[in-house]
Amino acid sequence: MSDGADGNRSLGHTPFKRSRSHFADRITADGRDGWPVEPGRYRLVVSRACPWASRSLISRRLLGLEDALSLAVADPIQDDRSWRFTLDPGGRDPVLGIRYLSEAYDRRETGYPGGVSVPAIVDIPSGALVTNDYQQITLDFATEWTALHRPGAPDLYPQQRRDEIDTVMAEVYEDVNNGVYRAGFATGQKEYEEACEGVFRRLELLADRLARQRYLVGDTITEADIRLFTTLVRFDAVYHGHFKCNKWKLAEHPVLWAYARDLYQTPGFGDTVDFDHIKRHYYQVHTGINPTGIVPLGPDLTGWLAPHHREELGGRPFGDGTPPGPVRPEEEVPPQGRP
């Protein structure tokens, strides 16, 4: 997610087009891009408000990379320099020593095109950005960082299922992950209606699939589930109202609501979600479509903890692995961000 003051004011007034990640270097086991996997060398910068960054939070926790890859959480509310570290003492990230994520971008390339986006991985020794490629980061966590996975880590991108996972993820991205943004930031009625119809058409197709099986691909959680979840968990809180994706609420759809609750209650998913950050970011930062900055009181979040009964479909959440352990105290979501 990439934002700045001018860009946020223009939302809903200029055509929306998601830019590609400008910094697409990869951190790999063999270091072929010059960035080898090394424990403690890199810092993952996220916003808990951002669905693209939330993918990396979930993947990091499921795979047990907390010791290998430290975490910086940006303030959900931005100023004209975008993502800032005002949640930390003195307004500086304690490891990188910077006030704004843009400083790490500038150390990598001055005058780079595009905005300052999360997730971002920063090289701690140099303080320079390594990558902001949100599509590739989690795939590399699953396949290149294996030497640093915790014992019992699940296989989130199994080799024998990759073609199917890739197909499902591409459909989810086009119509759902990015579709809600195309609807929310549309500048005309026809553009909005086409995007909104696409969102709900794809959700119904996914629901048909999920009525028969617990997870999107195979009988375990994969990268495809992570990518769908990060949109579903924000649906009623922001996309239904703020982005006008309001043909129905997630909580009104028995299959998708149960599926989303199942994942939310799975260690590694709901314990990374901060509804306070999500709501405040979308409603207060996107001034182009919500100029008053008023944050709605609802929806009621307690339903996320209700029984889902999806276990009746079978499936093994972590395959032959085990769930992650307790969340570290310093990474816990504050009480106001939970149901």
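**Notebook: helix packing, aromatic pairs and backbone geometry**

I began with the contact of two helices: Asp225, Leu228, Phe229, Leu232 and Val233 in α8 meet Tyr259, Ala260, Leu263 and Tyr264 in α9. Contact here means heavy atoms within 4.5 Å. By class, this contact of α8 with α9 has eight nonpolar residues, no polar ones and one charged residue. Ala, Val, Leu, Ile, Met, Phe, Trp, Tyr, Cys and Pro count as nonpolar, Asp, Glu, Lys and Arg as charged, and the others, Gly among them, as polar.

I noted that this is a predicted model, in which local features need pLDDT of at least 70 and side-chain atom pairs count only at pLDDT 80 or more, while totals for chains, interfaces and linings use all residues. Residues are numbered from 1 along each chain as its sequence is written, and side-chain values use heavy atoms, with hydrogens and water left out.

I then looked up the geometry of the helix pair. α8 and α9 (residues 254–264) pack at an angle of about 110 degrees, with their axes 10 Å apart. That makes α8 roughly perpendicular to α9. Angles of 65 to 115 degrees count as roughly perpendicular, under 35 as roughly parallel, over 145 as roughly antiparallel and the rest as oblique. The axes are lines fitted to C-alpha atoms, for helices over the stretch in contact, and angles run from 0 to 180 degrees between N-to-C directions. Helices (H or I, at least four residues) and strands (E, at least two) are DSSP runs, numbered from the N terminus.

Next I examined Thr220, in the loop between α7 (189–210) and α8 (223–239). Thr220 counts as buried because its relative accessibility is 14%; buried means under 20% relative accessible area, exposed over 50% and partly exposed in between (1.4 Å probe, protein chains only). Leaving aside residues up to four places away in sequence, Thr220 touches Tyr215, Asp225, Arg316, Pro317 and Gly319.

I turned to the aromatic rings and found 24 aromatic pairs in the structure. Rings of Phe, Tyr and Trp (its six-membered ring) pair if their centres lie within 6.5 Å; planes under 30 degrees apart count as stacked, over 60 as edge-to-face and the rest as tilted. One of the pairs is Phe23 with Tyr105, edge-to-face at 5.6 Å centre to centre and 85 degrees between the planes. Phe23 lies in the loop between α1 (5–10) and β1 (42–46) and Tyr105 in helix α3, so the pair ties together parts that are 82 residues apart in sequence. Both Phe23 and Tyr105 are buried.

Phe235 and Tyr239 also form an edge-to-face pair, at 6.4 Å centre to centre with 80 degrees between the planes. Both lie in helix α8, four residues apart, about one turn of the helix. I recorded one aromatic cluster whose members include Phe235, Tyr239, Phe243 and Trp248.

Finally, I checked the backbone. A cis peptide bond joins Val118 and Pro119, with omega about 5 degrees, and Pro119 is in the loop between α3 and β3. The bond from Gly298 to Pro299 is cis, with omega near 0 degrees. Ser82, a residue other than glycine, has a positive phi near 75 degrees and is buried, with a relative accessible area of 3%. Lys244, also not a glycine, has a positive phi of about 60 degrees; Lys244 lies in the loop between α8 and α9 and counts as partly exposed at 39% relative accessibility.
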